[in-house]
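Take a look at the model below. This report walks through its sheets, its helices and the contact between its chains.

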Amino acid sequence: MSLVSLDKVHKYYGDNHVLKGVDLKIEAGEVVSIIGRSGSGKSTLLRCMNGLEQYQKGGVIVDNQSVEDDEYKLRLLSRSVGMVFQSFNLFPHMTVGQNVMLATKLVLKKSPSESKKLAEELLEKVGLSDKFSAYPGNLSGGQQQRVAIARSLAMSPKVLLCDEITSALDPELVGEVLKVLEQLKAEGMTLILVTHEMNFARDVGDRVVFMNQGKVWETGASDEIFANPQTEELKSFLAAVR
Amino acid sequence: MSYQLDFPSLVPFLPQFAAGLWTTIELTVISTLGGLLLGTVCAQGRISKDTWLRTICSCYVEVIRNTPFIVQLFFIFFGLPALGFKLSAWEAGVIAMVINLGAYSTEIIRAGIDAAPKGQWEAGQTLGLTRRQVFWHIILPPAYQRVYPAIASQCIIVMLGSSVVSQISVEELTFSANFIQSRTFLSFESYIVAALVYLLLAILMRQAFALVKRCTFKNPSL
């Protein structure tokens, strides 16, 4: 059984048919990059995997749980699926440590000392052990995004969804975030990224999914896709972003 | 035409002023705490998924914000006993003030909540928090921070508005001033003293709110 499995998923925003029957299977430990033009449905697809968007037809199964419009089920699902956002979405009134510990305390019901220990470990992992008591507003974008990753990891998810997580960063800060992702891959974490970082998709990603017009237009191993795109649409897209 | 101000004649009445001042402070503190609590709960009601709860909360806010405070006060003090609720003047005054501030602060707090980026809700949701947990832990504190100046002003308005409850003979500051001027016929002096005390109270409240702000919101401003 695949970790993530989408079966003929259709999604409409009113009359706008955004996803037109998407089939996709992702295995545990894979690093999958979803690429495509803006408006092709990449982010929507990602957000269907953890219930942030509802779909109208088809089925999504993640970690053997069906993703449905049900608050309780989605809450259970959120223990398996972590998400990191383009705009970080750190909680501005909490310190970095409090951000990371919030869900371990409230959701996993860990003791404060246990939560603190875990938060310190995770912050060390993302290279921010000295920022435990800092507020997000005093960190750079790259640092904020690394805190956001640590915060997601605190729930020990099986898959981490990354929605354009380097798009809001200054170019010189992108590297430090991607390095954390590489480290996660080395540890066997399943990563699904909507990304514009083609170098990362090629060098670190295992597989690339090219979305076009609400469909999975072309998919394959990363090196294959970049070296040898099959469809005209992917060729022109790659030519445009290079 | 000349008028000789005569403050010394008011000195024997200082205890009355002090008692009135104390009642005003009491009314203000209780109604500020109660009103903000009520406003917070109703603000949560106004963004609830439950249509009935949303409607009830909006009706409350609209009715209170679109009727005069003194009418609300009379309704509670003279109207409710007709329905069998017996209230002392002080109790009626506090209830009226809490209900009044509750309605205004509902709207103020809701504005702060509305300004929360959607991503904050989503981040909380993807971490597995319940909607209620997201509201209380993630959305509400920055919402307060955003609208804090407006809340502070509204609480001061309620403090000044407490003078109205003298109309149902709650013995607060304005009531004292009334009483003293009717005894001494020094109306000018009495109300000058009352006005200065209100002014001082308002300034002190601003200072207190600023102090609370410094101690509570330690993060860089939003």
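Strand S7 (residues 159–163) and strand S8 (residues 190–194) of chain A run parallel and are joined by 5 bridges. One of the linked pairs is Asp163(A) with Val194(A), its bridge partner in S8(A). Keep in mind that this is a predicted model.

Both strands belong to an open sheet of 6 strands in chain A, with the order S6-S7-S8-S3-S9-S10. The pairing in this sheet is mixed. Which strands stand at the edges? They are S6 (81–84) and S10 (215–221) of chain A. Each has a single partner strand, so one side of each is left without a neighbour in the sheet. From one strand to the next, the twist averages 20°.

Helices pack on this sheet too. Helix H5 (residues 141–153) of chain A touches S6 and S7 of chain A. The direction of H5 makes about 170° with that of S6(A). Helix H6 (residues 171–186) of chain A touches strand S3 (31–36), S7 and S8 of chain A. The direction of H6 makes about 145° with that of S8(A).

## The antiparallel sheet of chain A

Chain A also has an open sheet of 4 strands. Its order is S2-S1-S4-S5, and its pairing is antiparallel. Here strand S2 (16–26) and strand S5 (65–66) of chain A stand at the edges. Each pairs with a single strand, so one side of each has no neighbour in the sheet.

As background, strands of a sheet pair through backbone hydrogen bonds, either parallel or antiparallel. The table lists the antiparallel pairs of this sheet.

| Strand pair | Sense | Bridges |
|---|---|---|
| S1(A) and S2(A) | antiparallel | 8 bridges |
| S1(A) and S4(A) | antiparallel | 5 bridges |
| S4(A) and S5(A) | antiparallel | 2 bridges |

Strand S1 covers residues 4–13 of chain A, and strand S4 covers residues 57–62 of chain A. Some residue partners can be named. Ser5(A) has Lys25(A) in S2(A) as its bridge partner. Asp7(A) has Gly59(A) in S4(A) as its bridge partner. Ile61(A) stands opposite Ser66(A) in S5(A).

How many residues lie between S4(A) and S5(A) in their hairpin? There are 2 residues between them. Asp63(A), in the turn, has a positive phi of about 50°.

## The helices of chain B

Chain B comes to 8 helices and 0 strands. Read along the sequence, its pattern is α-α-α-α-α-α-α-α. Its C-alpha atoms fill a box of roughly 75 × 45 × 30 Å, taken along the principal axes.

Two packed helices are described by the angle between their axes and the distance between the axes. Take helix H1 (residues 14–46) and helix H4 (residues 89–114) of chain B: they pack at an angle of about 45°, with their axes 6 Å apart. That angle makes H1(B) oblique to H4(B). The crossing of H1(B) and H4(B) is right-handed. By class, their contact has 14 nonpolar, 11 polar and 4 charged residues.

## Where the chains meet

Now put the two chains together. Chain A gives 27 residues to the contact, and chain B gives 23 residues. Between them, chain A and chain B bury about 2,100 Å². Carbon and sulfur atoms account for 64% of that area.

Which residues of chain A lose the most area to chain B? They are Phe91(A), His93(A) and Leu106(A), which together make up 24% of what the chain A side buries.

Notes
Residues numbered from 1 in each chain as written. Chains lettered and ligands numbered in written order. Predicted model: local features only at pLDDT ≥ 70, side-chain atom pairs only at ≥ 80, totals over all residues. Heavy atoms only, no water. Axes fitted to C-alpha atoms, helices over the stretch in contact; angles between N-to-C directions. Parallel < 35°, antiparallel > 145°, perpendicular 65-115°, else oblique. Left-handed = near helix turned anticlockwise from the far one by under 90°. Nonpolar A, V, L, I, M, F, W, Y, C, P; charged D, E, K, R; others polar. Pairing = 2+ DSSP bridges. Contact = heavy atoms within 4.5 Å. Buried area = accessible area lost by both parts, 1.4 Å probe.
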